[in-house]
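Subject: Structure handover

Dear colleague,

Please find the structure below. My notes on it follow.

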Amino acid sequence: MMNDNLLTRSFSKHERKKLGYGALAACLLITLSFFIVFNPYLGPLPLLNFMLSTGDDQKLFAVNDTSSSLQMDKGLFVIYFEDAEIITINDASSSQEAVARDAEMVRNEKKLINDTGSSRQTINEIVIKDSLIVNDTSSSQQIATDADAATMNEKIELRCNIMGRSEFCEIKGDIRIDGNSSTAFIVSSETDILTAENTSWSIRPYARKEALGEKDFARKWSVKLVTDRPDIPRCTRNHSVPAILFSVGGYSGNFFHAFTDIIVPLYSTAQPFNREVQFLITNRKSSWIAKFKTLLEALSRYEIIDIDDRHDMHCFQSLTIGLKGRNNKELSIDSSTSPYSMKDFTQFLRRWYSLKKITAAKIRDGDKRKPRLLIISRKRSRAFTNVGEIAELAESLSYQVIVAEPGPDVSGFAKIINSCDVVMGVHGAGLTNIVFLPENAILIQVVPFGRVEWASRVSFEDPAKDMNIRYLDYKIKVEESTLIQQYPADHVVLRDPSVIGKQGWLAFRSIYLDKQNVTLDVNRFRPTLVKALELLHQ
């Protein structure tokens, strides 16, 4: 107590704080000096198997030392996170370090499961902020020894993204696919940091993560790191090509979701293999596979394997489970992170569906050619009730008009839409067929009543620009909606759609998408068709 009083009298509050910081710095300097001097004499430091979740403004550093004894030849475990920057540094002088910057550890009971036989223990997810963590194992773990030389080919590489819009893992090594238990085993001949305690986690290989919580949406698969024990299943069929395992469950029955959730990400994932890749399909739907047979055969020369509930063991040296390339935009490929673009994708479609028209017609004054206008019809909801009037208006403006409804024959409808210069239709999955349009064609999206502008923009307006398709829209008035025949004029459905929107997506959809048809005011719509003609003259 006396010493405390003496310290209080001798130093001001500011001086005492500076003295405390100085003492802390001195302790850190002494500790650092100790490790520098005695590092050669220290035993091996254990490596912990962390799942790291980083915030949007944080960076995860991986330092690869090309000179030290510890190399990444035997095993590489990297988990990538959406919006987190991952930087690899090749350091020719320092020891092998795994450096994670920004370190206040915040624990959340979440994703990583440690499986030790019969017991399953939840491991805390660790969020790292505000400091520096260094794991140095350079002095202890010798990899490239004579004893190891025979097993160097058994390299395990594992890169997973579980934080983006789609979950996927890229795996290299001894991979055994057990369809009966929906498990991908990654087998190591040695007990090392990768296979210790049989670490495992789950993935639903469908590229729309926000919907994965729905019951029976897509089959859940386990990825397990295991040692080569007698109880681990043995291979009954070995494959020499890489594999991609993905689900055709979920919303795949909807044409829009078939493309944005499966076909476009599958293109990004499979195209680098130049058809030398084996597709493993979970949640198989024979009708879906038949519908998109042309595209599946364009991406793989091998017969598709229905991997669910099988009793044989398919083994690979390389596996991607889930699909890459899915970002926050619908019907899109982020060319900043992918070697491909939506322009590459549409060219791919034209090539494999034998679509002849590359660019839309450019009409000049005095040109006798008539631009082709496709009116996409619908039968159930959001249908035009006056298609005849719309076609008559278009023909009076010198359009050649085609009215057609998409069906199961994707190739046949692709040829119809590819022959056209302008396509129009009410917001819905049928507009996904714009992927088959020639470049510089024009999409006219008719936006239903009920504040559907946001869905119309993200589903088709934004993607159209990435495909080099010119875009126009026509927002109907309440008088053009058949909802006025179903509700009194002062009903909240007509007076304030936002009230219905606040009740949730299902309530909104059941009224404004499922119960509404459209009777276009052809006089009001006429300027939109004239504008499309003007664009074709440019």
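The link of Cys235 and Cys315 is left-handed, with -105 degrees about the S-S bond. The model is a predicted one, and every value here is computed from it. In this disulfide the sulfur atoms of Cys235 and Cys315 are 2.0 Å apart. The pair ties together distant parts of the chain, 80 residues apart: Cys235 lies in the loop between β12 (221-227) and β13 (237-238), and Cys315 in strand β17. Cys235 has a relative accessible area of 30%, which falls between the 20% and 50% cut-offs, so Cys235 is partly exposed. Cys315, at 4% relative accessibility, counts as buried.

A search of the whole structure gives 2 disulfides. Cys160 is joined to Cys169, with an S to S distance of 2.0 Å. The link of Cys160 and Cys169 is right-handed, with 110 degrees about the S-S bond. Both Cys160 and Cys169 are buried. Counting bonded cysteines along the chain, the pattern is 1-2, 3-4. A further cysteine, Cys420, is buried, with a relative accessible area of 0%.

On to the helices. The axes of α3 (residues 255-270) and α6 (residues 342-352) come within 11 Å and cross at roughly 90 degrees. The two helices are therefore roughly perpendicular to each other. On the α3 side the contact is made by Phe259, Ile263, Val264 and Tyr267, and on the α6 side by Met342, Asp344, Phe345, Phe348 and Leu349. These residues divide into 8 nonpolar, no polar and 1 charged.

The buried residues of α6 are Met342, Phe345, Thr346, Phe348, Leu349 and Arg350. The cover over them includes α3, α5 (293-299), α8 (410-418) and α9 (453-466). Just after α6, Ser354 takes a positive phi of about 55 degrees.

The last item is Asp308, in the loop between β16 (305-306) and β17 (313-321). Is Asp308 buried or exposed? At 13% relative accessibility Asp308 counts as buried, because the cut-off for buried is under 20%. The side chain of Asp308 makes a polar contact with the side chain of Arg219, at 3.5 Å. Leaving out residues up to four places away in sequence, Asp308 touches Gly179, Arg219, Trp221, Ile281, Thr282, Asn283 and Arg284.

Regards

Key. Residues numbered from 1 in each chain as written. Predicted model: local features only at pLDDT ≥ 70, side-chain atom pairs only at ≥ 80, totals over all residues. Heavy atoms only, no water. Axes fitted to C-alpha atoms, helices over the stretch in contact; angles between N-to-C directions. Helix = DSSP H or I, 4+ residues; strand = E, 2+ residues; numbered from the N terminus. Parallel < 35°, antiparallel > 145°, perpendicular 65-115°, else oblique. Contact = heavy atoms within 4.5 Å. Nonpolar A, V, L, I, M, F, W, Y, C, P; charged D, E, K, R; others polar. Buried < 20%, exposed > 50% of the residue type's maximum accessible area, 1.4 Å probe, protein only. Polar contact = N/O pair within 3.5 Å; in protein donor to acceptor, adjacent residues only side chain to side chain. Disulfide = S-S within 2.5 Å.
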